[in-house]
Amino acid sequence: MSEQTAQGAPSAQASPVEYRIEDLAHHSGATVRTIRAYQDRGLLPRPERRGRSNVYGDTHLARLRQIADLLDRGYTLASIKELLEAWDAGRGLGGVLGLVAEVDGPWTDEEADRISRADLDATFGGKPDEDAIREAIELGVLERIPDRDDEFLVPSPQELAVAAELYEAGVPLTAISGHLRELRVQVEHIASRFLEFTTEHVFARYLEHRPPTDADASEAAAMVRRLRPLAQQTVDAELARAMRLFATRHLQHHLSPEPPPLPGPPDDEARPVALPAGTIRAVQQLVGAENVAAFVAAATEREVQTRTLDALASNHSEISEIGQVPR
C-alpha cells in the first residue's frame, strides 16, 4: 500500500446523506405532519424502508424546498402537484420555474431602503404617530424588521417620498392613505386589464398546456422580460395626457368669473333606491351593518366621478376630431 493510500485518500464517491423524518423536518423547515401529508397527496416520493425505519434522502429535501418556494409564490398544492408530476415524467421543470421567478420577481428597478423611526417621525411632523405607522404597514408602505423597533423597511422609497412631499404641502396623513387606497384599486384594475390583453394576444399560445412545456415556459419567460416595461410606459404616457387635459379644465373652471354648474340638474331630489337583498348582505359582511349606508354612498360617488371623467374625456376626443376635419 502506498504512503498516500495509507494516509487515507478520499473516497471516489461520497456516501448519500440519509435522514429520519424528524431530521428531514428540521433541515427543510416543514413539520413531520406536513411531510406525511405531502406523501399522502403524492407531492413527495415515499421513503425507503430500512428494517423498521423510513429513510429519506437529499431528493426529498430538495423537493420539500421546491414546494415551499412555490407556496411562497402563491401557488396551490394542486398546481404544484401538476408541475412536479411533469418534472417526474421527464418534461422538465427548469423553464417553468424560470417563468415563475420572472413573473414573481420585481417589476421595477427601484430598490428597497430602510428608514429609522427617528427620521420617519421627523419627516412627518416630528411627533410619533402610531396610527399612521399602523396604516402605513397595513398598506405595505412600511414593513417591520424582526427584532428592530427603531427601523423600518421601505419597499418603495419613491412612494414614501411622494407621501412626504404631499404632507409637506399640507395634505393630512389620513387623506394621503385614503388616496393611496383608492388609487391602488384603480391601478390594480389597469394591471388586470393589461394582463388579460397580453394573455389573450401573446401568452395564450405558450400556456395552452397545463403545465406548459419546458420550451414554451422558457419562451414565455423571455416574452415577460420583453413586455415588462410596456405597462408602465403606457400608463405614464396616458397619465401625462390625462393630467394635462383635466388640470387645464380644472384651472379654467377656477379662473372663470362664472364657473359652470356641476353636472346634473340643480333641482334633483334625493329619493330612495331599492337594492337587492343579496347585495345588502354582501356589503354587511364586508363592512358591517352599521357602515352599509356610508359604503353605498361612497361607492356611488366614486362611480359618478368616474363616469364624469369618462364623459369629459369623450367630449374632448369629439372636439379634437371635429377640429381635425379638413375645410
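Analyst: This is a predicted model. The three strands form an open sheet in the order 3-5-4, with antiparallel pairing.

User: Which strands stand at the edges?
Analyst: The edges are taken by strand 3 (113-116) and strand 4 (143-145). Each has a single partner strand, so one side of each is left without a neighbour in the sheet. From one strand to the next, the twist averages 40 degrees.

User: How many bridges join strand 3 to strand 5?
Analyst: There are four bridges between strand 3 and strand 5 (residues 148-154), and the two strands run antiparallel.

User: What holds strands together in general?
Analyst: Strands of a sheet pair through backbone hydrogen bonds, either parallel or antiparallel.

User: Moving on to the largest nonpolar core, which residues touch the most other members?
Analyst: They are L24, I35 and F203, in a core of 29 residues. Elements that give two or more residues to this core include helix 2 (21-28), helix 3 (32-40) and helix 11 (214-255). Helix 11 supplies the largest share, six residues.

User: What is L24 in contact with?
Analyst: Leaving aside neighbours within four places in sequence, L24 contacts Y19, I35, Y56, H60, L61 and L64.

User: And S28, is that buried or exposed?
Analyst: S28, a residue of helix 2, has 18% relative accessibility and therefore counts as buried, the cut-off being under 20%. Not counting residues up to four places away in sequence, S28 touches I35, L61 and L64.

User: Where do the polar atoms of the S28 side chain point us?
Analyst: A polar atom of that side chain lies 2.8 Å from the backbone oxygen of L24. On the S28 side chain there is also a polar atom 3.2 Å from the backbone nitrogen of A30.

User: New topic: how many aromatic pairs are found in the whole structure?
Analyst: The search finds two. F124 and Y167 form an edge-to-face pair, 5.6 Å centre to centre with 65 degrees between the planes. F124 lies in the loop between helix 7 (117-123) and helix 8 (130-139), and Y167 in helix 9 (residues 157-168), so the pair ties together parts that are 43 residues apart in sequence. F124 counts as buried at 12% relative accessibility, whereas Y167, at 28%, counts as partly exposed.

User: What about F203 and Y206?
Analyst: Their pair is tilted, with 6.4 Å centre to centre and 55 degrees between the planes. Both F203 and Y206 are buried.

Technical notes
Residues numbered from 1 in each chain as written. Predicted model: local features only at pLDDT ≥ 70, side-chain atom pairs only at ≥ 80, totals over all residues. Heavy atoms only, no water. Core = buried A, V, L, I, M, F, W, Y, C linked by side-chain atoms within 4.5 Å. Buried < 20%, exposed > 50% of the residue type's maximum accessible area, 1.4 Å probe, protein only. Contact = heavy atoms within 4.5 Å. Pairing = 2+ DSSP bridges. Axes fitted to C-alpha atoms, helices over the stretch in contact; angles between N-to-C directions. Polar contact = N/O pair within 3.5 Å; in protein donor to acceptor, adjacent residues only side chain to side chain. Phe/Tyr/Trp six-rings, centres within 6.5 Å; stacked < 30°, edge-to-face > 60°.
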